[in-house]
Amino acid sequence: MKKNPNTVSFTLNGERKTFITEPNEKLLALLRREGYKGTKFGCGQGTCGACTVLMDGRAIYSCLLFAMQAEGRDVRTIESVGTHEKPSEFQQELIDGAAVQCGFCIPGMIMSAEALMKAEDVYPDDVVREYMDGNLCRCTGYEKIWGALRRVLDRREEGREQSSESRSDPKA
Ligand code: FES
Ligand code: FES
């Protein structure tokens, strides 16, 4: 059967979905009208990072991409990360560290951090900055957000070190 030219199919948060769209509709607009409102519209111009989602594991600005460009891809939004009952480690650190002010930037920050943790095994500050510098916080809460992320990354690094030590010393 011939595909309707006004539909786009992709995997969204682990489920294969098909949506009706228009050639000029942005991925961000499609996600929000389909109820994925955790992804925010900030600048609409690729400068603030509020609209960050993962596409095939990489953080992208969904305000810049046409929905049609998601065809066949794997897209993840903030709705796939943690729940109210069981937040992700970073979400819990943001809460515990009182790092969230208005919260508008936070979903994008979390998605960029997800991309970082998926792609990298070690997290020196310069690498973390590279992943996070496309996400702006208008409340300027950077220090607490950074602190929360740093605690998560430090724990991951420590965990890896311990498991590689116990592998190299079977008696440990
Ligand atoms: S809304 Fe996409 S970068 Fe600002
Ligand atoms: S917490 Fe308000 S924009 Fe970051």
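Guide: Two strands count as paired if DSSP finds at least two bridges between them. The model here is a predicted one. In it, Met 55 has Arg 58 of β4 as its bridge partner.

Visitor: What makes β3 and β4 a pair?

Guide: The cut-off is at least two bridges. β3 and β4 are joined by four bridges, in the antiparallel sense, so they count as a pair. Their hairpin has two residues between the strands, and Asp 56 there takes a positive phi near 50°.

Visitor: Why is Met 109 called buried?

Guide: A residue needs 20 or more other C-beta atoms within 10 Å to be buried. Met 109 has 28 C-beta neighbours inside 10 Å, so it counts as buried. Met 109 belongs to helix α3, residues 106-119.

Visitor: What is Met 109 in contact with, leaving aside neighbours within four places in sequence?

Guide: Met 132, Asn 135 and Ile 145. Contact requires C-beta atoms within 7 Å. Lys 40 is 69 residues from Met 109 in sequence, and their C-alpha atoms are 11 Å apart in space.

Visitor: How do you know that α3 is largely enclosed by the rest of the structure?

Guide: Of its 14 residues, 10 are buried, so α3 is largely enclosed. Among the buried ones are Ile 106, Pro 107, Gly 108 and Glu 114.

Visitor: Which residues have the most contacts inside the largest nonpolar core?

Guide: Leu 27, Ala 70, Met 109, Ile 110, Met 111 and Ile 145, in a core of 38 residues. The elements giving two or more residues to this core include β1 (7-12), α1 (27-33) and α5 (142-168). Its largest share, six residues, comes from α3. In soluble globular proteins, nonpolar side chains tend to be buried together.

Visitor: Which residues of helix α2 are buried?

Guide: In α2, residues 89-96, they are Phe 90, Gln 91, Glu 93 and Leu 94.

Key
Residues are numbered from 1 along each chain as its sequence is written. Chains are lettered from A and ligands numbered from 1 in the order in which they are written. This is a predicted model: local features need pLDDT of at least 70, side-chain atom pairs count only at pLDDT 80 or more; totals for chains, interfaces and linings use all residues. A residue is buried if 20 or more other C-beta atoms lie within 10 Å of its own, exposed if 12 or fewer, and partly exposed in between; C-beta atoms are placed from the backbone. Two residues are in contact if their C-beta atoms, placed from the backbone, lie within 7 Å. A nonpolar core is a set of buried Ala, Val, Leu, Ile, Met, Phe, Trp, Tyr and Cys residues joined through C-beta atoms within 7 Å.
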